[in-house]
Amino acid sequence: MSAPPYSPARRVRGFLAASCTTLLLAATGCSLGEPEPDPAGEPPNLPTPSASAAGGGQEVVATVLAQGLRVPWGIAFLPDGGALVTERDSGRIVQVGPESSPDGLRITERQTVDDVVASGEGGLLGIAVSPEFAQDRTVFVYYTAEEDNRIARMRLGEKPTPILTGIPKAGIHNGGGLAFGPDGQLYASTGDAGDTAQSQDAKKLGGKILRITTEGEPAPGNPFPNSPVWSLGHRNVQGITWAGDRMYAVEFGQNTWDEINQVTKGKNYGWPEVEGRGGDKDYVDPIVQWSTDEASCSGLAAGERLLATACLRGQRLWLVELTDTGTVLGQPQALLTEEYGRLRAIAAAPDGSFWVGTSNHDGRGRPAPEDDRLLRLVFAGGGAGRS
């Protein structure tokens, strides 16, 4: 399947009290342009963005890399600079790049996961590439099956092998985040599947963040004996990431507050007893909260001192600058508001840019003819250099 044409880069202004160093995401210099070759492979042949700060603010340049996707849910980068993208409802895994053509990055279907049973918010969700991919060629997927949500290990083109089953499923609140942490362990975020009591029960897998080995066993050092549970009291976490060695998660609230939490081993984040900041010493308060109308964020990605979360109902990207101690500096800034519709997947690319997927075909959006799209974002003052 070849990629349809991408649109020209668009400039969208967002006002950030952020320094050039923060927006670089560990890159060097303050200029936009092509990244240097990564030791693991040549970068994709992307259009060269051009933008400059204006009016005392910052600009972000959004370039459409791919279009015609259907509910892209997870993005995980390969060593060669290409990305694996899951489609929730079709059960497909497609590869975007690194090869390109005059029309943009090439889209290649790698396989369909036959065991996926897509319904409501369930389907083929998160994806993580093994840290040893160059040797083991292994990826991990989180998906909804006939009886449950599960995590499986696979080589592309081969049948997945489930390594953790029994995660509760429903038409809503299936979680689905999947990522390797700095410690080399595999983390997964689960939802309460509409049963709020699960979130406070440490013996249940729903409403949790889990930490497991690549064999699906509870990882060494977990807070509960012989349990994959890392943290509890969550309603529906889909996006997880790390800024340095600190873990963060974005969480859907019910009717009042959506959250970003700094996630710590064994801590309780309050659902269903608390939504948003409750000030209760038994639960951890979020570092950021928004009304559900302006957030309902799914994906989360990070630079060294920057969090970016992609929002569905809010139809925007929120940027949160962090201090050296992991707390919030200044006020979060909204970008791309109602520019591309519902935003879901987001990942930090090897060149320091962010890749973001729209979700206008998920039954709650108004898809344009080119939806769903995969965007590349770079910031004036930095963000497109090597990381």
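What is the torsion about the S-S bond of cysteine 297 and cysteine 311, and is the disulfide right-handed or left-handed? The torsion is about 70°, so the disulfide is right-handed. The remaining comments follow, with the reminder that this is a predicted model.

1. The disulfide. The structure holds one disulfide. Its partners are cysteine 297 and cysteine 311, with an S to S distance of 2.1 Å. Cysteine 297 belongs to strand β19 (residues 297–302) and cysteine 311 to strand β20 (residues 306–311), so the bond ties together parts that are 14 residues apart in sequence. Both ends are enclosed: cysteine 297 is buried at a relative accessible area of 1%, and cysteine 311 is buried at 0%. The cut-off applied here is that buried means under 20% relative accessible area.

2. Strands β19 and β20 belong to an open sheet of four strands, ordered β19-β20-β21-β22, with antiparallel pairing. β19 and β22 (333–335) stand at the edges with a single partner strand each, so one side of each has no neighbour in the sheet. On average, neighbouring strands of this sheet are turned by 25° against each other, direction ignored. Strand β21 (residues 317–321) is joined to β22 by three bridges, and the two run antiparallel. Tryptophan 318 has alanine 334, in β22, as its bridge partner.

3. A further four-stranded sheet. Another open sheet has the order β11-β12-β13-β14, again with antiparallel pairing. Here β11 (178–180) and β14 (229–232) are the edge strands; each has a single partner strand, so one side of each is left without a neighbour in the sheet. Three bridges connect strand β13 (residues 208–212) with β14 in antiparallel fashion. Lysine 208 is paired with leucine 232 of β14 as its bridge partner.

4. The β15–β16 hairpin. β15 and β16 form a hairpin with two residues between them, and glycine 244 in the turn has a positive phi of about 65°. The pairing of β15 with strand β16 (residues 246–251) is antiparallel and extends over six bridges. Within it, the bridge partner of tryptophan 242 is methionine 247 in β16. Seven of the seven residues of strand β15 (residues 237–243) are buried, so this strand is largely enclosed by the rest of the structure.

5. A loop position. Aspartate 362 is found in the loop between β24 (354–358) and β25 (374–379). Although in a loop, aspartate 362 counts as buried, with 10% relative accessibility. Its C-alpha atom is separated by 9.3 Å from that of proline 72, a residue 290 positions away along the chain.

6. The second largest pocket. What volume does the second largest pocket have? The value is about 380 Å³. Its lining comprises 20 residues, among which Glu121, Phe252, Ser296, Leu312 and Arg364 lie nearest the pocket centre. By class, nine of the lining residues are charged, eight are polar and three are nonpolar.

Definitions and conventions: Residues are numbered from 1 along each chain as its sequence is written. This is a predicted model: local features need pLDDT of at least 70, side-chain atom pairs count only at pLDDT 80 or more; totals for chains, interfaces and linings use all residues. Side-chain values use heavy atoms; hydrogens and water are left out. On a 1 Å grid over the protein atoms alone, a cavity is a set of points where a 1.4 Å probe fits but cannot get out, and a pocket is an open set with protein on both sides within 12 Å along at least five of seven lines; lining residues have an atom within 4 Å of a point. Grid points are joined across faces, edges and corners, and a volume is the space filled by probe spheres set on the points. Ala, Val, Leu, Ile, Met, Phe, Trp, Tyr, Cys and Pro count as nonpolar, Asp, Glu, Lys and Arg as charged, and the others, Gly among them, as polar. A disulfide is a pair of cysteine sulfur atoms within 2.5 Å. Buried means under 20% relative accessible area, exposed over 50%, partly exposed in between (1.4 Å probe, protein chains only). Two strands pair if DSSP finds at least two bridges between them. Axes are lines fitted to C-alpha atoms, for helices over the stretch in contact, and angles run from 0 to 180 degrees between N-to-C directions.
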